[in-house]
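Me: I have a model open and want to go through its packing. Can we take it piece by piece?

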Amino acid sequence: MKILILNGPNLNRLGLRAPDIYGTRTMAQILLDIQRRWPDTHFLYRQSNHEGDLIDWIQEANDQESWTNDYRLTTNDQYLGIVLNAGGYTHTSVALRDAVEDSRIPVVEVHISDITKREPFRQQSLLTDVCAHTIIGKGTDGYSEAVEWLLENVKA
């Protein structure tokens, strides 16, 4: 079983950038904790500051799979889901929204901070209504919560 974890712009700076908002844990630490918690699950992690990369990776993951409308896999060893922290593209990218909406693989949206309590331009997510689930304001633990949601709610 595989889960794709995608991070958008500036999330390569986790642990360094605005630690009062995003915490001090690096993505490497987060991924290590996730892999230790679910050792039988294969995680593929990708991060890019470029919108098109995120879109390409979502589409590539979908092109490899056979899914039904109720998120059930029809073949073995495929992606169970995608954990997506789109960073600033959450609020601006119609193209990324379209890729998520087109995804047959369930996408869980993650935000480290509570975007509903941030600056007005950060309070609107273009992704929430096209994602299977959304986790907001749980800090970096939101990544683990997203994985847990996928493992509990998506039937392999």
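Reply: Fine. Keep in mind that this is a predicted model.

Me: Which residues have the most contacts inside the largest nonpolar core?

Reply: Ile3, Ile5, Leu14, Ile34, Val83, Tyr143 and Leu150. That core has 22 residues.

Me: And which helices and strands each supply at least two residues of it?

Reply: β1 (2-7), α2 (27-37), β3 (79-85), β4 (107-111) and α5 (141-153). The most comes from α5, which gives 5 residues.

Me: What does Tyr143 touch, leaving out residues up to four places away in sequence?

Reply: On that count, Tyr143 touches Leu11, Leu14, Met27, Ile30 and Ile34, among others. The list also includes Ile5, Asn7, Val83, Asn85, Val110 and Ile112.

Me: How many residues are in the second core?

Reply: That separate core has 20 residues, including Ile55, Leu96, Val100 and Ile105.

Me: Back to α5. Which of its residues are buried?

Reply: Gly142, Tyr143, Ser144, Ala146, Val147, Trp149 and Leu150. The buried residues of α5 pack against β1, α2, β2 (42-47), β3, β4 and β5 (133-136).

Me: How far does α5 reach from first C-alpha to last?

Reply: 18 Å over 13 residues, close to the 18 Å expected at 1.5 Å a residue.

Me: Now Asn62. Where is it, and is it buried or exposed?

Reply: Asn62 is in helix α3 (residues 51-63). It counts as buried because its relative accessibility is 4%, and the cut-off for buried is under 20%.

Me: What lies 2.9 Å from a polar atom of the Asn62 side chain?

Reply: The backbone oxygen of Ile58. Beyond its neighbours within four places in sequence, Asn62 is in contact with Ser103, Arg104 and Ile105.

Me: What sits over the ring of Tyr79, then?

Reply: The charged end of Lys2, 4.4 Å from the ring centre.

Me: Last one, His42. Which strand is it in, and why is it classed as partly exposed?

Reply: His42 lies in β2. Its relative accessible area is 45%, so it is partly exposed, as that class runs between 20% and 50%.

Technical notes
Residues numbered from 1 in each chain as written. Predicted model: local features only at pLDDT ≥ 70, side-chain atom pairs only at ≥ 80, totals over all residues. Heavy atoms only, no water. Core = buried A, V, L, I, M, F, W, Y, C linked by side-chain atoms within 4.5 Å. Buried < 20%, exposed > 50% of the residue type's maximum accessible area, 1.4 Å probe, protein only. Helix = DSSP H or I, 4+ residues; strand = E, 2+ residues; numbered from the N terminus. Contact = heavy atoms within 4.5 Å. Lys NZ or Arg CZ within 6 Å of the ring centre and 35° of its normal. Polar contact = N/O pair within 3.5 Å; in protein donor to acceptor, adjacent residues only side chain to side chain. Expected span 1.5 Å × (residues − 1).
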